[in-house]
Every structure is written in C-alpha cells, then in structure tokens.
Protein chains: 2
Amino acid sequence: MTIDDSLRAVEELMLAATRSSVPLLSETTAHILAAGGKRLRPHLVLLAHQAVGGSDVDYVIPLAAAVEIIHTATLVHDDINDHGTLRRGRETVNARWGTTFALLTGDYMFTKTYQIMAPYPADLNLILTKACIELVEGETLQIQVSKRGVLDRDTYFEIISKKTAALFVACARLGATAAKASHESIEALAQFAFRLGLAFQITDDILDLVADTQQLGKNTGVDRRQGRGIAAVRESGQGKVVAPEAAIAETSGILSLVEDNLPQEYTLDAVVELGRQQARELADAAIARLSALPPSEAVDQLRAMAHQAVERDR
Amino acid sequence: MTIDDSLRAVEELMLAATRSSVPLLSETTAHILAAGGKRLRPHLVLLAHQAVGGSDVDYVIPLAAAVEIIHTATLVHDDINDHGTLRRGRETVNARWGTTFALLTGDYMFTKTYQIMAPYPADLNLILTKACIELVEGETLQIQVSKRGVLDRDTYFEIISKKTAALFVACARLGATAAKASHESIEALAQFAFRLGLAFQITDDILDLVADTQQLGKNTGVDRRQGRGIAAVRESGQGKVVAPEAAIAETSGILSLVEDNLPQEYTLDAVVELGRQQARELADAAIARLSALPPSEAVDQLRAMAHQAVERDR
C-alpha cells in the first residue's frame, strides 16, 4: 500500500468512525472532515512508521485517523472561541449549526478518538493522552495571553509547543512505537516532529499575519485579535511600522520571536522575513535529527515535509 | 478499606489528577470538583466491584474517579449550553470564568479521564468510550428536541438512556469487569444500573419541575426551557392545568411519560405523582436484577441506592 493509499484509507475511516445514530452529529462531523486539510498529522504517523521499518499499515491507519479527528475536534472548539466563520474554505460548524452543536460536535469527535484508541495498548494511549492534555493547555494559555495583551518569546514558544508541536510529537511516537522501533529511533523522530511542529506553527502565524481571508480559506484577524498578530504592522501594510504602546502590547508571537533582531524602524516585510528565517532554522534542526535513521524513501518524505512546512503560502 | 474511605480516595485522586501546569485549569477544575455532588457514579463503580467479590480497591478507585470526572465535564459543557449560573450550589464555571474557559475546562477534564483510563486494559476502556459517545449523543438529542419543542415518550426514554443511564451502566460494568466477574453477574449489574439511571433521571426531571432554585442548588427552569418541563403546569402552580397548544408543544419528559394515565383535568401534583410512580417502578425493576447476585453488604447498599434515587427531594 502506498502512502497515498493509506491516506485515503484514513479519510474513509474518519468518516466511517464518526457516523452516529444521531444524524446531526454524522452531518456536522462529515461537514468538517470532508473540508479536508493538509492531513499533515496522519501523514506524519504513517511516515514515522515506515521510516523505522514498520509495515503493519492496517494497525497504523486507525492511529493516524484518531490523531486527525482529535486535531479537527480542537479546530471546531477553537472556532467557537474565536467566533470563526470560515475554516478550510468552508463555513465553520458554529457558523452553520450554532455554538451549542459545535461544542457537542467537538466533544463527539473527542469521544470517537478515544473509542478508536481504546483497543490499542497502554503505551500508545499514553502517548496520545499526553498530547491531548497539552493541546487544551496550549489553547488555554493562548487565550489568557490574548486577554492580557502581552506575549513574550518564552510564552509564545510554550504556547506553540503545547498547542501544535505536542501532537506532532505524538504522531511520530505513535507511528514509530507501533513498529516497535528502538528507543533511539523513536526519540530522533520525536525530536524531528517537535521542531517540525514549531516551524509549522510559526509559518502558520506568519501567514495569518499577511494573508487575506480568501487566500487562506479561514478568517485571518481572528488569531491576531487573540494576541498572535500585530495590529499595528497590519494597519500600516508594507510601509514603515508606527508602533505605539497599544500596538506593542498587542504584539504577536512573531514580533516577540524576532524582536532581538529588529531594526529600529521595521516593516512588515522585515518582521515576516525574520520570522520565516526562524522557522527555516527550526526545520533544518528537525531535518538534522533524521540522520539517526537509515536512509529510506520515508525519511526523504519526512525531509520534504519539513521543507514544505516552512516554504508555503497557505 | 470501607466504601467511605474509598470515596475519599476518589475525591483526592480527582483533584490530584486534574492539577495542571496551567494554573487556571487547576483552579476551574478544583472549583467544580470541590462543589461536591452525590458521587453516585463512583459509588456505583465501587459497590459493583464489591458485589461480585472484588477487593482490589486500588485498581478500581481510578476507574471511579475517571467516571466522575467525565460526568463533571459534561455538566460544565451543559452549563454553557444552558447558560446555567448555579451548579451544586456554586457559581458555574461559565458564570465565573466565561464561556471560553468553561469550554476548555470541560475539554481538559475529558482528556484527564482519558489519561486516567489509558493504562487500563482495552475491555475497560471500551466500556467507558461507549458511554462517553452516548452522553454526547443524548445531550445532542435533548437540545434538538428542545428546539423542536415536542417530546414524545420514546424520545424521552432515548434521551435519558443515553444521557444518564449509559454512564450508570458503564459504572457497573467497570466495577464488575475489574473484578473479573462472570458474564451473568456483569449483565445483572448492568441491567440494574440501566434501570437505576432511568429512575434517577426521571426523579431529577421531576425535581426540576417542582423545586425552586434555592432548594436544588442549581438553576431550575433551565432544563425546562429545553423542553424537559411543563411551562403551563408551572405557571398554574398546584391548580388545574390549562394547557394550550403552545404549552403542550413544550411538554417535558415527565408529561410525555405519564400522559397515558392523565385525567382530563390534571394538576401539577397529579403529574408529579404519576411520574414518581414510574420512577419507583423502574427502581423496583432495578432491584429485582440484584437477585442474580449472592447476598452481601454491597448488594444491600445497591438496593438502598435505588430506593434513595427515587425517594429524594434534591
């Protein structure tokens, strides 16, 4: 089975597993799942499995589906909190069915992840529970920061570590552990995935900062309002940034990330370029970890994934 | 260890297990857990375990804690949907910290349940996942019904089966399965718990119908607005019920439950008495299932629990 075949099987399983005796829940869940997405996380599970010589694809496909379902569940709940109306180019569940059913849809998807995972051994379940807890903690921290209006570099990294990188790490560990890989291989892949997750999220935040609603297919400005964008930078477009105290207080993760290197008069272009540079360095650091693994097509694809995570415009 | 000791250990574990590196989540979770509650579900886990001769209390306490945490998580999310402001005599999480943090608190508690369960064998996890899914499905159905404004007897039973009885069944199965009980004993306890859950929820709905806010320690009228109360009955107090079409459309579960036996001119007292009678019959049917088990103190306590579930005023 090729990786593409496996990814198709993941799609089918996600839809089949979330069918409910309550038609509304089948409908809301299918709506958000069918909207697609990059499927980076299931892809990572499958590649990590292959990279350590694993070949039991049937065993790993449900793990990949579980991870993507829980990721999607958090998006559904985030969209409630952000009052987002577009996600993956489609109406959000809360925009179409209201807050209450969106809340229940997220809960439902979470329980389905748990159901898919239940037959698996404890070590795999413990990997995923750790990430689930960090997902919620990261989102909580981010909202606290947005209410405070201040975001420093350490807190920014704590947020993206928990909110994004933790689930990437779980993907790598799940795929590799399912193949009974050596401790060294699992750790190398986990470290790869952690850096990949950070690089991916920084790139996402940069894209949020510059992209318009249409290009990204979701509401930009929403994360920004929550303290992960620079209002002042955006207001002034590509020109010189006039940053009064109010705007500094609203600093995004990206600004906190690059401020050591900022010239006194900086532009949006400069902020974005410095941010992208940091993301690239993390992607390179991720790739360096792959040298612990024997060369293979899967490792090549992991390397390509890391490049792609930072060299994208959506 | 007595049952009371075990229940105290459950309390301690619930608080310890939900401590987070994000202080807000420790705080919100402790707030709602410390508000107490009947702890009927952990009690049921422990008694079911004992009733089949189980004695590995340390093994069962985390199961009991997991069940109560997931139950509490659903209350936190229900309070968002109901705009409830009081729960167990305390401010709800959404009233005190807002909808966003209440949503994340529920999510967090759910992930903690999953974490507590992760080290346990698949059969126990599958028991709990089934109930979790039904919890969400039952709540979804209930809200759909409330929007529609019509509730018939079958739908009322479907809702309370999923929303309440399913988790009671899981409690009984968890406790008994952990003791490696016979298939017959597990099924007898599961059937006991199913009927107990129905009787308990009907009684809850009756109390909602008649109790005032103070007496019950939570917002009455909230569930009623969601189609589980009889506005017309309430308006008219103890007197003759004038039930225009609008009020019939708003019929609660209780009205649907008793309407076959209603005299043409019925009072709130009559509705309540007929409802209580149905709850008592279910409690008796529950108790009858216990005859499959050898007599013991635990079985006596299960019997007392069933009586108590229907003979209470809060």
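This is a predicted model: local features need pLDDT of at least 70, side-chain atom pairs count only at pLDDT 80 or more; totals for chains, interfaces and linings use all residues.
B:Lys180 is exposed, with 11 other C-beta atoms within 10 Å. The cut-off explains the label: a residue counts as exposed if 12 or fewer such atoms lie within that distance. B:Lys180 sits in a loop of chain B. Helix α8 (153-178) lies on one side of this loop, and helix α9 (183-210) on the other.

The backbone of B:Lys180 also deserves a look. Most residues other than glycine have a negative phi. B:Lys180 has a positive phi, near 55°.

Where is B:His83 found? It belongs to the loop that links α4 (57-82) to β1 (86-87) in chain B.

## Two helices packed in chain A

Two packed helices are described by the angle between their axes and the distance between the axes. In chain A, helix α7 (residues 122-148) packs with helix α8 (residues 153-178). The angle is about 165°, and the axes are 8 Å apart. Angles over 145 degrees count as roughly antiparallel, so α7(A) and α8(A) are roughly antiparallel to each other. Their crossing is left-handed.

What kinds of residues make up the contact of α7(A) with α8(A)? There are 14 nonpolar residues, 4 polar ones and 9 charged ones.

Terms used: Residues are numbered from 1 along each chain as its sequence is written. Chains are lettered from A and ligands numbered from 1 in the order in which they are written. Helices (H or I, at least four residues) and strands (E, at least two) are DSSP runs, numbered from the N terminus. A residue is buried if 20 or more other C-beta atoms lie within 10 Å of its own, exposed if 12 or fewer, and partly exposed in between; C-beta atoms are placed from the backbone. Axes are lines fitted to C-alpha atoms, for helices over the stretch in contact, and angles run from 0 to 180 degrees between N-to-C directions. Angles under 35 degrees count as roughly parallel, over 145 as roughly antiparallel, 65 to 115 as roughly perpendicular and the rest as oblique. A crossing is left-handed if the near helix is turned anticlockwise from the far one by less than a right angle, and right-handed if clockwise. Ala, Val, Leu, Ile, Met, Phe, Trp, Tyr, Cys and Pro count as nonpolar, Asp, Glu, Lys and Arg as charged, and the others, Gly among them, as polar.
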